[in-house]
Amino acid sequence: MRSGLSFLVVEDEASVRRLLVRGLSSHGQPEAVGTCAAGILALRARRYDALIVDVHLPDGSGLDLIAPARKRCPGIVVLVLTGSPEHSVISRVLESGARYMLKPCDAKHMKVIADEALSRRNARQRRTLITLQRWAKDYDLSETEVELLSLGAEGVAREKFSHRREVRPDTIRKQIQTLLQKTGDDTFE
């Protein structure tokens with residue numbers, strides 16, 4: 001299993017949802033929901049490497065999840081599933097930069113999505129490391145300050161910094177203030 005890869009599956013048909021989860025399980029950790037509303041809640045709760053979404057869901061179009069997913073998880077791989085080759089749907093999918101697959105789909109096709117998600121995650125981690133190294137040198141950052149920036153780049157919520165670093169929350173606030181003074185930024189984001 002490729003630990004660390006995370007997938008959000010938004011599919012209302014239980015049998016298709018199970019098939020997708022089965023196909024993704026050997027590549028990482030899939031989470032599956034059946035509605036747009038549940039998909040939005042899942043996207044708010046954590047970051048994902050890939051989104052696999054059905055077009056027609058009980059409470060709307062899965063296509064409406066693409067923009068929020070990309071905002072929350074830049075670089076996310078998006079695969080749109082559809083049972084119908086409607087030109088307007090396929091055009092909208094392609095305009096969004098997502099991939100699409102006609103149903104029925106096969107669980108073995110999920111490997112392609114997993115490979116692309118892994119490749120993007122590795123590239124993002126390399127870019128982040130290079131940026132952190134440059135900032136550490138340019139701003140003379142301490143190891144602690146680089147660690148704080150790294151946590152932020154990983155998408156860790158600021159409220160969890162103190163737990164991850166095993167220090168008090170007020171210590172984190174002071175460290176971030178010092179970091180902001182060094183970089184000249186107004187906010188940590």
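Helices (H or I, at least four residues) and strands (E, at least two) are DSSP runs, numbered from the N terminus. The model is predicted, so local features need pLDDT of at least 70 and side-chain atom pairs count only at pLDDT 80 or more, while totals for chains, interfaces and linings use all residues. Residues are numbered from 1 along each chain as its sequence is written, and side-chain values use heavy atoms, with hydrogens and water left out.

**Exercise 1.** Work out which residues of helix α4 (residues 87-95) are buried, and what they pack against.

*Solution.* Begin with the buried residues (under 20% relative accessible area, with exposed over 50% and partly exposed in between, for a 1.4 Å probe and protein chains only), which in α4 are Val89, Ile90 and Val93. Seen down the axis of α4, they fall within an arc of 95° and so line one face of the helix, the arc being that of the directions from the helix axis to the C-beta atoms. Then turn to the other side of α4, where His87, Ser88 and Glu95 are exposed. Finally, look for contacts (heavy atoms within 4.5 Å): the buried residues pack against β6 (77-82) and β7 (99-102). After α4 comes glycine 97, with a positive phi near 85°.

**Exercise 2.** Find which residues make the contact between α5 and α6, and how they divide by type.

*Solution.* From α5, the contact is made by Thr128, Leu132, Trp135 and Ala136, and from α6 by Val146, Leu149, Ser150 and Ala153. Sort these into nonpolar (Ala, Val, Leu, Ile, Met, Phe, Trp, Tyr, Cys and Pro), charged (Asp, Glu, Lys and Arg) and polar (the others, Gly among them), which gives six nonpolar, two polar and no charged.
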